[in-house]
Amino acid sequence: MPRLYGMIDSGNCYKPRLLMAKLGLPFAHVEVSSRTGATRTPDYKARNPNAMVPLLELDDGRAIAESNAILLYLAEGTRFLPSDRYERALAYQWLFFEQYSHEPYIAVRKALLTFPERAADATPERLALTLERGNKALSVMDGHLSTRDFFAGGGISVADLALYAYTHSAGKGGFDLDAYPHVVEWLRRVETDPGHVPAEWLPPA
């Protein structure tokens, strides 16, 4: 059975759990927290020298790191990866957007405000910057969703799951999602898609 190493309170780790739940793929969750130093042990670094989670370990021992790379691997041949070449490229586009223009501000601001060990980093300047750029990302998303239900192709894709992971809890980072009505409607569409599970979900032991 594949093993997914990750943190229960990480949006990046939620992404593959959510997709595997929607696909009905069995896997074992192994809790490995960067907050406790568990990702920096020799045993874990032998699996992922970058000392980060999530990490998907396949049945044959091969491993895949980086949340969006794991999504693409799992989505191959499923409804979550568009078959059309252009629409598939759009899904990739939004995956890159999520990691470069979205997660560094929306996820980081939430971490600064909710994790005690990050409090010293929560300077007024950094909070202002993450708020400004996070709102910019949400505005871009809202504009895109004003004319379509999902981010790429005719239905839900890996792009939606990647962006959902941190957007649905953006309020905990001080973002006013009510200012982005198309984003709010999209969140509900993702949540009503079959197989949806909340961020706290883990597979049966």
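A residue is called buried here when its relative accessible area is under 20%. Trp 94 comes in at 5%, so it counts as buried. Keep in mind that this is a predicted model. Phe 97 has a relative accessible area of 14% and is therefore buried as well.

How are the two rings arranged? Trp 94 and Phe 97 make an edge-to-face pair, with 5.0 Å between the ring centres and 75° between the planes. They sit 3 residues apart in helix H4 (residues 85-114), so about one helical turn separates them.

Searching the whole structure turns up 7 aromatic pairs. One of them brings together Tyr 14 and Tyr 164, in a tilted arrangement with 6.3 Å centre to centre and 55° between the planes. This pair ties together distant parts of the chain: Tyr 14 belongs to helix H1 (residues 11-23) and Tyr 164 to helix H6 (residues 158-167), 150 residues apart. Both tyrosines, Tyr 14 and Tyr 164, are buried.

Now put the pieces together. Tyr 14, Trp 94, Phe 97, Phe 151, Tyr 164 and Trp 186 belong to one aromatic cluster.

Two arginines also lie over ring faces. Arg 35 is over the face of Phe 115, 4.1 Å from the ring centre, and Arg 189 is over the face of Phe 150, 6.0 Å from the ring centre.

## Helix H4, end to end

H4 runs for 30 residues and reaches 40 Å from its first C-alpha to its last, close to the 44 Å expected at 1.5 Å a residue. Where does H4 bend? Look at His 102: the bend there is about 60°, and a proline, Pro 104, follows within four residues.

The C-alpha of Gln 99 is 9.6 Å from that of Ser 67, though the two residues are 32 apart along the chain.

## Helix H5 and its two sides

Helix H5 (residues 124-145) has 22 residues and spans 31 Å from first C-alpha to last, close to the 32 Å expected at 1.5 Å a residue. Its buried residues are Leu 127, Thr 130, Gly 134, Ala 137, Leu 138, Met 141, Asp 142, His 144 and Leu 145. They cover an arc of only 155° around the axis, so they fall on the same side of H5. Over on the other side of H5, Pro 124, Glu 125, Glu 132 and Lys 136 are exposed.

The loop between helix H2 (42-47) and strand E3 (55-57) holds Pro 54, which is joined to Val 53 by a cis peptide bond with omega about 10°. Ala 51 is in the loop between H2 and E3 too. Its phi is near 55°, a positive value in a residue other than glycine. With a relative accessible area of 17%, Ala 51 is buried.

Glu 66 is not a glycine either, yet has a positive phi of about 75°. Glu 66 is found in the loop between strand E4 (63-65) and helix H3 (67-75). Buried or partly exposed? At 45% relative accessibility, Glu 66 counts as partly exposed.

Notes:
Residues are numbered from 1 along each chain as its sequence is written. This is a predicted model: local features need pLDDT of at least 70, side-chain atom pairs count only at pLDDT 80 or more; totals for chains, interfaces and linings use all residues. Side-chain values use heavy atoms; hydrogens and water are left out. Rings of Phe, Tyr and Trp (its six-membered ring) pair if their centres lie within 6.5 Å; planes under 30 degrees apart count as stacked, over 60 as edge-to-face and the rest as tilted. Buried means under 20% relative accessible area, exposed over 50%, partly exposed in between (1.4 Å probe, protein chains only). A charge sits over a ring if NZ of Lys or CZ of Arg is within 6 Å of the ring centre and within 35 degrees of the ring normal. The expected span of a helix is 1.5 Å times one less than its number of residues. The bend at a residue is the angle between axes fitted to the seven residues ending there and the seven starting there. The arc is that of the directions from the helix axis to the C-beta atoms.
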